[in-house]
Amino acid sequence: MIELSGLTKRYGAGQTILESINLTISKGEFVSFIGPSGCGKSTALKLIAGLAVPTSGTISVEGMTPKNAREVISFIFQDATLLPWRTVKQNVGLGLELEGVESNRRKEKTSQLLELVGLQHMSDAYPRELSGGMKMRVSIARALATSPRLLLMDEPFAALDEMSRDRLNEQLLRLRDEQKWTAVFVTHSVAEAVFLSTRIVVLASNPGRIHTMLPIELPLPRTAALRDTPEFEACVMQVSHALRAALVQ
Amino acid sequence: MKQQLTTLANALGVFAALLVLWQLVLWVFHIPKYMLPSPWAVARAVGARFPSLLSALSITAVESGAGLAASIVVGVIVALFFAQSRWVRRMLYPYTILLQTVPIVAIAPLILMWVGAGTAAVALIAFIISLAPIIANTTQGLVSVEENLVHLFLMHNATRSQLLFKLRLPHAVPSLFVGIRIASGISVIGAITGELYAGSSSVGGGGLGYSILYASSQLQTDYLFALVLAATVLGFSFFFLVMFLEWYFLHRWHESALKMEVE
């Protein structure tokens, strides 16, 4: 699905953000990037999306260059990035509208997605009337409306309180079970990464590089109850340990 | 609602007190009425010459309104052009500052010479003076879009025109209104100043500025005051019209409009 080989990104003369990253992500995986700030995890995501250009190395998404693969990719940003002058349903329909999908089909798809994230009662509200969690759900609905095969998420829940974050994590996994997209997820939170991922990539900084890769073999589908199990605890411990080792280096 | 009534009552109270003070000054210092007419004389002048006052007012309203409308259309088009590249902005932006700093009084005779006296010349002056704030504010709104929103559009393969008309332009509307609010005030000033030079091509066809010039030359000070009053009313109406439009277009989604409701 995604192949990164020898991927390097430098800014200006000396500053190396990412140093020869080699990574293959197969279809159906949920991969999280975690690491200290400055390890280039957000940059890696932008490179896969084609929003930044690598200094050297190659990226292929389903055999295409990132820019050509945009039709199969959706990106969810750290802030909800809703257009404040559009209602919730107009925001959800934005991607479809930009891609030239005709209005009836757009309406159908939009209301279906709003129902999926539980916001059909807010479809005519403006973003400023929504809570942070609701805004993020609109953002997710918008990303999924174009039926992506690959979902890139850059710390989407970082600004939310822990309760809404947990709820949205559960909702995200449910959506994934239904729609079967592949995901690359950037986060600061170990517990979040463990709960969501099938594999965690721990990055080290200066320069940004892969420190360890840890498959998370917790059973699927996962529910809120998983967080209370000893297996979950063990995984969190293991990832935290790797993260500390990456920090020390 | 009650609070608004109190505000209104206060404003009227201050107004009444000023009128009393005005009348007292006249009585105490024995000022001749060609220097300062009494409030009552001004009111009488308004009543007696209402038709000509109204016609002067409407001429100035049309001139400044046309100038303002043209500056909005041209200003937005120029701003859309400026938003295309940093290079274009760097090269041409200094000229909009020039537009703002050139003294309108100094170029009015030139315009009179080129266009000829009358409504068109005055509207042109109002247009020139209102253009700079529209361009500056709209450009600012167009280019200050968050990077992530641009990225979002790029991820959906948005075209250049989709980026401009579905993202940058709506994002710039609140800034555009800031520009219009500034321009609405100065367009009236521009029109009246313009009329002092290029007021009328025919007798009785002049606006407020022309009439002010005429009234002062005839020492009709009470009518002069009535004209100043009319000019103030015009400025106020423009300002409130713009405020209303701003509220109408923005109150559903924009924070500044929200605050206006609360206040």
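Which residues does B:Gly194 touch, not counting residues up to four places away in sequence?

1. Basis of the note. This is a predicted model, in which local features need pLDDT of at least 70, side-chain atom pairs count only at pLDDT 80 or more, and totals for chains, interfaces and linings use all residues. Residues are numbered from 1 along each chain as its sequence is written, while chains are lettered from A and ligands numbered from 1 in the order in which they are written.

2. Confidence. The model scores are ipTM 0.92 and pTM 0.86. For chain B the mean pLDDT is 88, and 94% of its residues reach 70 or more; pLDDT is the predictor's confidence in each residue, from 0 to 100.

3. Strand S3 of chain A. Helices (H or I, at least four residues) and strands (E, at least two) are DSSP runs, numbered from the N terminus. Strand S3 (residues 30–34) of chain A is mostly covered, with five of its five residues buried. A residue is buried if 20 or more other C-beta atoms lie within 10 Å of its own, exposed if 12 or fewer, and partly exposed in between, with C-beta atoms placed from the backbone. A:Phe30, A:Ser32 and A:Ile34 point one way from S3(A), and A:Val31 and A:Phe33 the other way. In a regular strand the side chains alternate between the two faces of the sheet. S3(A) pairs in the parallel sense with strand S7 (residues 182–186) of chain A over four bridges, and with strand S8 (residues 199–204) of chain A, also parallel, over four bridges; two strands pair if DSSP finds at least two bridges between them. A:Phe30 stands opposite A:Ala183 in S7(A), and A:Ile34 stands opposite A:Val202 in S8(A).

4. S5(A) runs parallel to strand S6 (residues 150–154) of chain A, and four bridges join them; the bridge partner of A:Ile73 in S6(A) is A:Leu150. The contact between the chains takes 16 residues from chain A and 15 residues from chain B. Two residues are in contact if their C-beta atoms, placed from the backbone, lie within 7 Å. Strand S5 (73–76) and helix H3 (94–98) of chain A each supply at least two residues of the side of chain A that touches chain B. The largest share of that side, three residues, comes from S5(A). By class, the side of chain A that touches chain B has nine nonpolar, three polar and four charged residues; Ala, Val, Leu, Ile, Met, Phe, Trp, Tyr, Cys and Pro count as nonpolar, Asp, Glu, Lys and Arg as charged, and the others, Gly among them, as polar.

5. Nonpolar cores. A nonpolar core is a set of buried Ala, Val, Leu, Ile, Met, Phe, Trp, Tyr and Cys residues joined through C-beta atoms within 7 Å. The largest has 77 residues, and those with the most contacts inside it are A:Ile48, A:Phe75, A:Ala141 and A:Leu152. Helix H5 (residues 132–145) of chain A gives the most to this core, with seven residues. Leaving aside its neighbours within four places in sequence, A:Ala141 is in contact with A:Val92, A:Leu113, A:Leu114, A:Leu116 and A:Val117. A second, separate core of 51 residues includes B:Phe127, B:Ile129, B:Ala183 and B:Leu224.

6. Chain B and B:Gly194. Chain B has 11 helices and zero strands, and of its 263 residues, 36% count as buried. B:Gly194 lies in helix H8 (residues 160–198) of chain B and counts as buried because it has 34 C-beta neighbours inside 10 Å. Not counting residues up to four places away in sequence, B:Gly194 touches B:Ala108, B:Ala121, B:Val122, B:Ile125, B:Ala126 and B:Gly209. B:Gly194 and B:Gln162 are 32 residues apart in sequence and 41 Å apart in space, C-alpha to C-alpha.
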